[in-house]
Amino acid sequence: MATMLGLGTLARVAGEIRRDVSAAHQRDPAARGVSSLEVLATWPGVQALLAHRVAHGLCGLGVPLVPRTIAMASRALTGIEIHPAAGIGDGLFIDHGSGVVIGETARVGDDVTLYQGVTLGGTGFATGKRHPTVQDNVTIGSGAKVLGPVTVGHGAKVGANSVVLHDVPPNTTVVGNPGHAVRVEGRRPEGPDADWVHLPDPVADAMRDLAGRIAALERALEKTTGHRTPPSGEVRPLRNVRGRNPAGG
Ligand SMILES: CC(C)(COP(=O)(O)OP(=O)(O)OC[C@H]1O[C@@H](n2cnc3c(N)ncnc32)[C@H](O)[C@@H]1OP(=O)(O)O)[C@@H](O)C(=O)NCCC(=O)NCCS
């Protein structure tokens with residue numbers, strides 16, 4: 001029985017290693033033509049994942065100290081910090097590695113790609129599920145921060161340096177801070193609800209309206225009295241609500 005268990009575990013681990021290495025081959029142009037052994041020996045993303053799979057297994061068995069020690073050593077070697085309890089699916093590829101943080105309650109699906117500097121983190125001192133869930137086939141660009149118990153839907157893309165604080169629907173591309181959708185199912189979002197960032201600014205609208213009415217009164221007064229009111233400063237909204245539409249709609 002013990003032998004069967006050992007063989008089964010070995011076969012599973014071998015399968016995971018094969019899939020991790022093949023994820024690097026498929027998604028890293030720099031890995032083309034590089035042998036699997038070399039990828040295994042020199043790709044920090046692959047090594048961090050192997051270390052995590054061991055740490056996660058031991059963590060699940062309730063082994064104290066060792067999982068965190070493995071995670072710490074792996075971070076020192078690769079610059080990638082994955083909490084031993086984080087759930088990682090098959091075929092994750094972490095390109096370059098440095099500065100990647102994956103929190104304790106994060107869940108990462110299959111065939112996900114993370115670039116350097118990605119954080120799947122919490123937003124404060126909340127307990128319980130406080131890190132993101134990243135579904136299958138998601139790509140998260142370098143420097144992007146996905147914070148809180150949000151879900152990044154399958155097939156979504158998060159642009160480099162984005163800050164994502166809300167759920168991302170499947171097959172959607174979000175960019176910027178705060179992250180907002182620029183593509184949904186490959187198409188620019190359309191319509192008044194498409195712009196998640198530049199919401200209507202009723203205060204600025206009211207001030208612009210008042211400024212226009214005061215200017216009209218001043219012109220009428222100038223005509224009747226001949227007295228010219230010195231021009232006052234331009235009334236401008238606090239933010240550019242009519243600027244370039246980042247949703248492209
Ligand atoms: C977000 C991303 C995946 C989008 O790629 P894409 O699907 O080809 O989409 P596009 O390039 O057509 O970009 C869509 C829109 O988002 C904008 N955009 C793309 N990436 C952006 C980013 N990181 N920040 C802000 N805006 C971005 C584009 O200018 C474009 O705007 P438009 O609709 O006004 O034309 C890609 O730009 C990205 O950031 N990838 C991460 C790559 C990375 O981290 N590489 C590190 C290698 S070491």
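## The overall picture

How many helices and strands does the chain have? The chain has five helices and 15 strands. Keep in mind as you look around that this is a predicted model.

The chain holds 249 residues, and 29% of them count as buried. If you take the contacts between residues at least 6 apart in sequence, 35% of them join residues at least 24 apart.

Five of them form an open sheet in the order 1-4-7-10-13, with parallel pairing. At its edges are strand 1 and strand 13 (163–164), each of which pairs on one side only. In general, the strands of a sheet pair through backbone hydrogen bonds, and they can do this either parallel or antiparallel.

Strand 4 and strand 7 (residues 119–121) run parallel and are joined by two bridges. Across from Leu-120 in strand 7 you will find Ile-102.

In soluble globular proteins, nonpolar side chains tend to be buried together. The largest nonpolar core of this model has 42 residues, and the members that touch the most others are Ala-24, Leu-92, Ile-94, Ile-140 and Val-158. At least two residues each come from helix 1 (2–27), helix 3 (44–60), helix 4 (66–78), strand 1 (80–82), strand 3 (93–94) and strand 4 (100–102). Helix 3 gives the largest share, with six residues.

Leaving out residues up to four places away in sequence, Ala-24 touches Ala-31, Val-39, Trp-43, Gly-45, Val-46 and Phe-93.

## Around the ligand

Which residues are the closest to the ligand? They are Gly-141, Ser-142, Gly-159, Ala-160 and Val-175, out of 15 residues that surround the ligand. Strand 14 (172–175) and strand 15 (180–184) are the elements that give two or more residues to this shell. Sorted by class, the shell has four nonpolar, eight polar and three charged residues.

## A closer look at Pro-149

Pro-149 sits in the loop between strand 10 (145–147) and strand 11 (151–152). Why does Pro-149 count as partly exposed? The reason is that 17 other C-beta atoms lie within 10 Å of Pro-149, while a buried residue needs 20 or more and an exposed one has 12 or fewer.

Beyond its neighbours within four places in sequence, Pro-149 is in contact with Lys-129, Arg-130, His-131 and Pro-132. Arg-107 is 42 residues away from Pro-149 along the chain, and their C-alpha atoms are separated by 9.8 Å.

How values were computed
Residues are numbered from 1 along each chain as its sequence is written. This is a predicted model: local features need pLDDT of at least 70, side-chain atom pairs count only at pLDDT 80 or more; totals for chains, interfaces and linings use all residues. Helices (H or I, at least four residues) and strands (E, at least two) are DSSP runs, numbered from the N terminus. Two residues are in contact if their C-beta atoms, placed from the backbone, lie within 7 Å. A residue is near a molecule or strand if its C-beta atom, placed from the backbone, lies within 6 Å of it. Ala, Val, Leu, Ile, Met, Phe, Trp, Tyr, Cys and Pro count as nonpolar, Asp, Glu, Lys and Arg as charged, and the others, Gly among them, as polar. A nonpolar core is a set of buried Ala, Val, Leu, Ile, Met, Phe, Trp, Tyr and Cys residues joined through C-beta atoms within 7 Å. Two strands pair if DSSP finds at least two bridges between them.
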